[in-house]
Amino acid sequence: MIPDGRYTLLNHTADLKIEIYGRDLPDLFTNACFALFDNIADLSRVTGDATRTITIAGEDTADLMINWLRELLALWTVEGLLIKSARIKGISETSLTADILFDSYSPARHVLKTDIKAVTYHQGSVSSGPDGWTARVVVDV
């Protein structure tokens, strides 16, 4: 688990399995964004000065989580955007709108950590309980 309790890395044979925590659904999705990019880059070097609004849809909450992380990863892979944080503006079980705060990648300033290739549906889940929300995702590295 990382010090602030937003996520934990779980044992997995070849890939990276992440368990994400949140007080509520917006917090869970915000922490999922953090967990993904905290493993991609040293976020202390990302300022998050630029913003963009994105909207994501899914068939249910678990599908929404996978689509959210896939879209965020695509922004990194295709456009070179390192996302510092996300602010959820609206969320339901099947859609979300968020502002992302990011930097365009600069090799002189940013330090990369893990090459994440894809977010998978394998063992993906989202659930709620008395202590809040939990999501599990597996990413290909």
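Predicted model: local features only at pLDDT ≥ 70, side-chain atom pairs only at ≥ 80, totals over all residues.

I started with W76, which is buried at a relative accessible area of 15%; buried means under 20%, exposed over 50% and partly exposed in between, with a 1.4 Å probe and protein chains only. Numbering runs from 1 along each chain as its sequence is written, and side-chain values use heavy atoms, with hydrogens and water left out.

**W76 and its neighbours.** I find W76 in helix α2; helices are DSSP runs of H or I with at least four residues, strands are E runs of at least two, and both are numbered from the N terminus. Leaving out residues up to four places away in sequence, W76 touches F37, I40, L81, L82, Y105 and L112, where contact means heavy atoms within 4.5 Å. I also checked K117: its C-alpha is 10 Å from that of W76, though the two are 41 residues apart along the chain.

**The helix pair.** Next I looked at how α1 (residues 25-40) meets α2 (residues 61-79): their axes come within 11 Å and cross at roughly 35°. The axes are lines fitted to C-alpha atoms, for helices over the stretch in contact, and angles run from 0 to 180 degrees between N-to-C directions. On the α1 side the contact includes F29, A32 and F37, and on the α2 side W68, L72 and W76 are among the residues.

**N39.** I then moved to N39, which sits in helix α1. N39 is buried too, with a relative accessible area of 8%. A polar atom of its side chain lies 2.8 Å from the backbone oxygen of A35. Not counting residues up to four places away in sequence, N39 touches Y7, L9, L16, I18, K113, T114 and I116.

**The sheet.** I traced 4 strands in an open sheet, ordered β1-β2-β7-β6 with antiparallel pairing; two strands pair if DSSP finds at least two bridges between them. The edge strands are β1 (7-10) and β6 (118-129), each pairing on one side only. I get an average twist of 15° from one strand to the next. Strand β2 (residues 16-22) is joined to β7 (residues 132-140) by 7 bridges, and I20 stands opposite A135 in β7.

Notes
Polar contact = N/O pair within 3.5 Å; in protein donor to acceptor, adjacent residues only side chain to side chain.
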